[in-house]
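Here is a short briefing to read alongside the structure. Have the model open as you go, and stop at each residue when it comes up.

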Amino acid sequence: MYYAGFGWLPTAIVVDRVLRFVIPSSPLTPWLFLDLAVVIAVEALTAYLFLGRRGLVLGVTASAISLAGFTSYAMTSMPAFLCMLSASALLTLYAVREGLRLQELLRWVASLLIVFEVVIIGAVLTHFGLGGEGFALAAVMRDRVMWCFAEWLSIAALFIAAGYWLSSLMRGGRVGKAFPRLGGAGEGSSGALRAFLRSPWVLVLAEVLVVFAVLLPHLPTVNPSGAPVSVDTFYYLRFIVYADTHGLPEALRAMSGFARPAYLSLIYLLSRLIPPEFLMDFIHPLIALSLLMLASYHLGRRLGGDEVGGFAALLTPFGHASITFIAGGFQANSLALPAAVFLLGAEPSSLGTIFVLGLLVALIHPWTFLMYSAAYVVLARVRGASWKGCVKVVAVLGLALGIAELVGHFLASVSPAGAATHTVTSSLGLYFPRNLFRGVEFWTWGSQANALIFTAASIPAGFTPISALMGVEFPLLLIGSSVIAHRLLLNTPLEIQASILLRELPTEIILLVIITTIARGLEILTGMTPLVGGPWEAILYRPP
């Protein structure tokens, strides 16, 4: 995995808020010769353990390929030749598969990767606990190179999956061949995991992870000045300062571009009780991400029982959306998303629930309302609701939007729906495929990129409300700008979709996905240094 993209594939890494795309050229160990020795030794040992004496030819062949790559690199100084080390490893795995069931092979590989990811987590936690970047940065860089090839492929896979779910919607929610069961959380050694997922302790652990995700970049070891970590915190502070000077009504009118006056009014009132910077940069994300974790647990549990709910709860705190909310802010979006996820789980006949949740989302973040209301209407029809029932759902959601529009006009003379629609229509064009890769790898320091979450969410394991959401998104992923692609994926609870698949996988792979997701989130947070200095503080003084 480490050498799959070595010497040719750009790897994104964030250091002190600077996103760099580097071509990997450093060995995994301190010396390239040691890498070669380790690869040959592991290949030979694997061939012997699984094939016995028959593995001698395999071991010699794999070693020859590795040596050829190393020699070619030594003669030409072209790092791309080191991809042959990956080729020899793949040959070894392919050859030994005959002596193993697929489940055993996957478990063996996953176990090795778990050890590596645990070491990465330990290195990153040392960074947050003691400060300094030396060892942590080296560990992060190697882990990023390890998953880089899979990460680029996972973005393409997610797009293909969205197209698949659109075609499924057009067929009434029918799916093709289901993903094969490889030993789920209820089999073998997974019994203990299943028992844990059924206990309330899974929510306790998930909340602990939420607290850690929000707290770590605010620790005095890495943020001694207590400066903001989320970009949008400065925009909300600017609003609060302006409201203090000119009054709340004038601030709402002057900054009507926010298009969410009811939410801004609530934020301003809370800022009278809690220091604004602490409110927007710590308390707000803590509450929003806790609600998102609970919403993911609730919907996951409805879709697949305690196992899926537990997986979703554990993946969400360091998932693609949570880390992006911490890095970029998007405070209104982060608070509206949990209500939108609860909305997806509501039955079409529960019109009162649909109205309340729809109204909350429309008042807080109109863009999220338009996205989820469109998906929900399509989903209601796919679920078997009659045309009359769908009309009722549309009417209820329309009423919620109408009330939000009235509130917007009354408080700030702004149309929330109009502002959200303009954002989309002004960002359409022939951007594909650059928009998709740029939206994931570039915006908010590449914080959404998560190879295993994207991959697991891309593999069909049954039609879900998230499937409907992804299908509705597909046309905009084709013709929307990178910003639109970024916001669409940010607003999609991929961790729930991934959890549906995890139910079918062995314990080792489940643990690998959870641990690697945490490691990836921690890696991004190491680059989310406090926002101090002119470019950020100047936001406070921009005219409305």
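Let's begin with aspartate 16, which counts as partly exposed because its relative accessibility is 47%, a value between the 20% and 50% cut-offs. Please keep in mind that this is a predicted model.

- Aspartate 16 is not a glycine, yet its phi is positive, at about 55 degrees.
- You will find aspartate 16 in the loop between β1 (11–15) and β2 (18–22).
- Threonine 444 is another residue other than glycine with a positive phi, in this case near 45 degrees.
- The loop that holds threonine 444 runs between α18 and α19 (451–458).
- With a relative accessible area of 12%, threonine 444 is buried, whereas aspartate 16 is partly exposed.

**A cis peptide bond**
- Phenylalanine 432 and proline 433 are joined by a cis peptide bond, with omega at about 0 degrees.
- Proline 433 sits in the loop that links α17 (416–425) to α18 (434–441).

**Helix α23**
- Helix α23 covers residues 507–527, 21 residues in total.
- From its first C-alpha to its last, α23 reaches 31 Å, close to the 30 Å expected at 1.5 Å a residue.
- Of the 21 residues of α23, 20 are buried, so the helix is largely enclosed by the rest of the structure.

How values were computed
Residues are numbered from 1 along each chain as its sequence is written. This is a predicted model: local features need pLDDT of at least 70, side-chain atom pairs count only at pLDDT 80 or more; totals for chains, interfaces and linings use all residues. Side-chain values use heavy atoms; hydrogens and water are left out. Helices (H or I, at least four residues) and strands (E, at least two) are DSSP runs, numbered from the N terminus. The expected span of a helix is 1.5 Å times one less than its number of residues. Buried means under 20% relative accessible area, exposed over 50%, partly exposed in between (1.4 Å probe, protein chains only).
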